[in-house]
Amino acid sequence: MTLLAPSPYRVDAGGYYGPFGGAYVPEMLYPNVEELRDNYLRIIDDPEFQREFTQLLTDYVGRPTPLFLAQRLSAEIGTTIYLKREDLCHTGAHKINNALGQILVAKRLGKQRIVAETGAGQHGVATATACALMGLECIIYMGEIDIERQKPNVDRMRMLGAKVVPAKSGSKTLKDATNEAMRHWISNPTDTHYIIGSVVGPHPYPDMVARFQSIISAETISQLLQQTGRATPDFMLACVGGGSNAAGAFYHYLDEPNVRLVAAEAAGQGVTSGHSAATTALGKPGILHGASTILMQTEDGQVTEPYSISAGLDYPGIGPQHAQLFATGRAEFLSITDKQALDAAFQLSRLEGIIPALETAHALACLPLIGAKKDDVVVVCLSGRGDKDLATYTKHLDEYSA
Amino acid sequence: MNRLTSLFQHKTTDVLNVYFTAGFPQLGDTVPILKALQDAGADLVEIGMPYSDPVADGETIQRSNQQALENGMTVATLFEQLQGIRQQGITVPILLMGYLNPVVQFGVEKFCQQCQAVGVDGLILPDLPLEVYAREYQPLFAQYGLQVVFLVTPQTSAARVRQLDALADGFIYLVAAAGTTGAQTDMNADVDAYLSRTKALGLRNPTLVGFGISDAASFAAASRHTTGAIIGSAFIRLLQSTPASERPAAIQEFVAGIRPMANLA
Ligand SMILES: Cc1ncc(COP(=O)(O)O)c(C=O)c1O
């Protein structure tokens, strides 16, 4: 199951996934990226690293996260639904898996300072948490608009001792926070490590982040086996901003053609509304944040400003591995509107007593759309909890009150 | 002969390269500014193709990029503007500088063709990695007579500097200190050591220093161990603060002020 033989869906020796991936970085970042590229596998494969990482995931994050059979939701949709409860991770989302993995790498590279970008603030909180735990300085770039709409997470980051810097350029959201974090790294090349929050950026980031998130599907395999007698579901569903929770949820199933991989993208107000973040529906191949991938752009190659109700999906690209999964047809990409996501969030809250993150709600909204039969086993990666989105949910409470 | 080659054959010290963003402050300003820079005595000119996400650039150039895009500047529009300049007395060597994605979307071969047609001499594409250039683009650039410039930073290893030097044929762009464009670099002992260390490598290409060069003092310090220097953000700030009518005179004065000794000679 963990066989990592040559696969068209996994990174090759040159850092590519088919035509996607690579490291399109200015020379100023070359030494940093090279240092990471030349060392990440050696560091991660070291038994001492694995021991420390696994122990943190167990004792600090609270892993393994449960795989929960959602019976009332299953009855409502008419299939068999398991929720992989990443929302129960310490800090409330899957992002902590990656933040801890990378901070252990950063320490082994002798870095003293951490810089990161954040959209919904979940990655920022996870990174600030990891920095507090390890005693490293932490600087988080966050789009000015996201600072407003994800205020609780901004306060959490500050409480954890991180410096939150507003990204004021461009669309003032995740893409621009990523630009600012990269600029910070350019200006501080020797003592700083950049903890990218998703499977985006130059090689080796997409692969490294996917490895740290692969615990999601590794646990799913053994939990499913225990609960159902089979290791593979019929469907694996996850939302895709950059795509890290999806990359982790898909990781050990990539080369299992019987598992249908479904990725939920944010359609915002509708794919053709002009206010959308549905990257595969609207994008074309190009280069964004150091990788060849699929991105939303104008005919002139300018990156389009995306829109989604969910700050974590408000990104004009996807990770290069997802671009390859899309291009090869290995994964299906569904566009989910703000409204569909809200419906799904309220549905899960009322049927299962779980308030999901807005990002996660996009994955849940795929459930009625995939044609799953009653006995099919469907796993949804419940990437995060909805506390941070309460202000948005509250605005819509009346619409969902009987 | 490529205009860059002939420039560096004739001039080996105090070469001044000025950067400005195409379509800024107004869409139609590209060629008038180019002409004013030539008249003022700039040795070569780097025209920036604006991009929505210029990660290697600081605030000043970010803003000029954004303004140019709002003005409607595109790669296609830039080529229309540059059409015929070589017939109209523009002889200064010209580099286009920009990020890879707009070039890829335009079509790399078509882009090179257009460069040759309007008389562009070289390219600086900071996020085009050396390896990808060698693998995919080198023959194409050569076919259309385009020289390529690579960046080197204080963190670049000597071995990599040699690799970059082997593949570059315009000049080597020495980034003065770790940072994005427009950073306030003081030309301190560290920078001086880095520049003289690079000089000692005996590179085959000329070297120009950029990032944070803004006036006569920083230009002189940067040029001590190199072929010359590049001014970008400081020139953009001048364009921002000067009314269009006063621009030619202001550009004249700005360029003259960078090399006061040269003007006395
Ligand atoms: C709960 C949650 N899910 C998903 C995402 C999207 O990120 P990714 O696509 O990398 O999993 C975020 C990002 O902030 C998030 O907070």
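## The ligand and its cavity

The largest cavity is the space that the ligand takes up. Here a cavity is a set of points, on a 1 Å grid over the protein atoms alone, where a 1.4 Å probe fits but cannot get out; a molecule sits in one if more than half of its atoms lie within 2 Å of its grid points. Chain A gives two or more residues to the shell around the ligand from helix 11 (244–250) and from helix 15 (358–364). Helices are DSSP runs of H or I with at least four residues, strands are runs of E with at least two, and both are numbered from the N terminus.

Please keep in mind that this is a predicted model, in which local features need pLDDT of at least 70, side-chain atom pairs count only at pLDDT 80 or more, and totals for chains, interfaces and linings use all residues. Residues are numbered from 1 along each chain as its sequence is written, chains are lettered from A and ligands numbered from 1 in the order in which they are written, and side-chain values use heavy atoms, with hydrogens and water left out.

## Who surrounds the ligand

The ligand is surrounded by 19 residues, and S198(A), G241(A), G243(A), S244(A) and S383(A) are the closest; a residue counts as near if one of its heavy atoms lies within 4 Å. By class, the shell holds five nonpolar, 12 polar and two charged residues. In this scheme Ala, Val, Leu, Ile, Met, Phe, Trp, Tyr, Cys and Pro are nonpolar, Asp, Glu, Lys and Arg are charged, and the others, Gly among them, are polar.

Side chains also make polar contacts, pairs of N or O atoms within 3.5 Å. An N or O atom in the side chain of S198(A) is 2.5 Å from an oxygen atom of the ligand, and for S244(A) the distance to a ligand oxygen is 2.7 Å. For K95(A), a polar side-chain atom lies 3.0 Å from an oxygen atom of the ligand. The protein buries 98% of the 400 Å² that the ligand exposes when taken alone, with areas from the Shrake-Rupley method and a 1.4 Å probe.

## Backbone details

Two cis peptide bonds are worth a look. One joins R63(A) and P64(A), with omega about -5°, and P64(A) sits in the loop between helix 2 (47–61) and strand 3 (67–69) of chain A. Another runs from H203(A) to P204(A), with omega near 15°; P204(A) is in the loop between strand 8 and helix 9 of chain A.

Definitions and conventions: A polar contact is a pair of N or O atoms within 3.5 Å; within protein, one must be able to donate a hydrogen and the other to accept it, and residues adjacent in sequence count only if both atoms are side-chain atoms. On a 1 Å grid over the protein atoms alone, a cavity is a set of points where a 1.4 Å probe fits but cannot get out, and a pocket is an open set with protein on both sides within 12 Å along at least five of seven lines; lining residues have an atom within 4 Å of a point.
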